[in-house]
Structure formats: structure tokens, C-alpha cells
Amino acid sequence: MSPSPSLTRPRILFLGDVIQYCPDIYKRLQSQFDFVHPPLPDRHRPAFLQHLRDGTWGDFQAIMRPSWHNGGEMGKWDEELIRLLPPGVKVSASAGAGYDWVDVACLANHGERQTPPPPKASF
């Protein structure tokens, strides 16, 4: 069960399936942050973009994609998608290798840091 929403705790847009590995770390994060967990149909690109336009998930400060094999249903994170993110988003954390799914320069222009930063990235 997720903790009740708080006006003072940062919000994380959690993209992907429920955590199966390292559940203790996830529980610790849940004690410090409010999680917004869109269901699979809302993570497909057309719906995902519309939810961002509509502000369905409110203001969130971080995006967490804890697995490389899901959470990427919305496709490439490009200018079309990134410009719809709330201005308070500052961190995007994603499991896996490589950055071919995201326009890192566009994220940096939005004021967001991709973690871990790619080699020779400048923000």
C-alpha cells in the first residue's frame, strides 16, 4: 500500500511494473516520496502525451523507470514529449544501458538530469 499523498513530499512518476527486486529500497523510497504509477494503457504514447497535456498526474519532480524491459511504452523521449513535462521535473532515473531512447540534450534544456549521466555529457 502506498503512503497517502502529501503536499510536502516530492512526487515521482513511476514508469513500469511493480518492483520485484530490491523491495526494501523501494519501500524506503515510498516512505520519502509520493509515487504516481500510471497503468500500462496510460503509458502508451498517445495516452501518455494526453495525460501530460491534461496534467493528470499533477506536478512531479522526478521520473523513475526501474526496469529496462518495461516502462518505455511511450517510445522515444523527444522534444514532443519532454516539452509536456512539468517544469519542476529535475531527475529522470532509468535502469538499463544506453541513452538511445532519450534526447539527453533536450532533457538538459528542460533543466532535467538523466541519471546516471552519459559519458562526456554536459548539463
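Modeller: Let us start with D34, which lies in strand β2, residues 34–36. Please bear in mind that this is a predicted model.

Biologist: Is D34 buried or exposed?

Modeller: D34 has a relative accessible area of 4%, so it counts as buried.

Biologist: And what does the side chain of D34 make a polar contact with?

Modeller: Its partner is the side chain of R9, at 2.6 Å.

Biologist: Which elements have the lowest and the highest mean pLDDT?

Modeller: Strand β5, residues 113–115, has the lowest at 55, whereas helix α3, residues 45–54, has the highest at 97.

Biologist: Let us take α3, then. Which of its residues are buried?

Modeller: The buried residues of α3 are R45, F48, L49, H51 and L52. These residues lie on the same side of the helix, because they cover an arc of only 160° around the axis.

Biologist: What do those buried residues pack against?

Modeller: They pack against β1 (11–14), α2 (40–43) and α4. The face of α3 turned away from the buried side carries the exposed residues P46 and D54.

Biologist: What follows α3?

Modeller: G55 follows the helix, and its phi is positive, near 70°.

Biologist: H51 is a histidine in that helix. Why does it count as buried?

Modeller: H51 has 19% relative accessibility, and the cut-off for buried is under 20%, so H51 counts as buried.

Biologist: Which residues is H51 in contact with, leaving aside neighbours within four places in sequence?

Modeller: Those residues are D42, T56 and W57. With T56, the side chain of H51 also forms a polar contact of 2.9 Å.

Biologist: Changing topic: how many residues does the largest nonpolar core have?

Modeller: That core has 21 residues, and F48, W77 and L85 are those with the most contacts inside it. Helices α3, α4 (79–82) and α5 each supply at least two of its residues. A second, separate core has seven residues, including I12, F35, A62 and M64.

Biologist: Which residues does W77 touch, not counting those up to four places away in sequence?

Modeller: W77 touches L15, F48, I63, I82, L85, W101, V102 and D103.

Biologist: You mention V102. Where is its place in the chain?

Modeller: V102 is in the loop between β4 (91–94) and α5 (104–110). Its relative accessibility is 5%, so V102 counts as buried. The C-alpha atoms of V102 and W77 are 4.5 Å apart, although 25 residues separate the two along the chain. Beyond four places in sequence, V102 touches K76, W77 and L107.

Biologist: In which sense do β3 and β4 pair, parallel or antiparallel?

Modeller: Strand β3, residues 62–65, pairs with β4 in the parallel sense over four bridges. Within this pairing, A62 stands opposite V91.

How values were computed:
Residues numbered from 1 in each chain as written. Predicted model: local features only at pLDDT ≥ 70, side-chain atom pairs only at ≥ 80, totals over all residues. Heavy atoms only, no water. pLDDT = per-residue confidence, 0-100. Buried < 20%, exposed > 50% of the residue type's maximum accessible area, 1.4 Å probe, protein only. Polar contact = N/O pair within 3.5 Å; in protein donor to acceptor, adjacent residues only side chain to side chain. Contact = heavy atoms within 4.5 Å. Core = buried A, V, L, I, M, F, W, Y, C linked by side-chain atoms within 4.5 Å. Arc of directions from axis to C-beta. Pairing = 2+ DSSP bridges.
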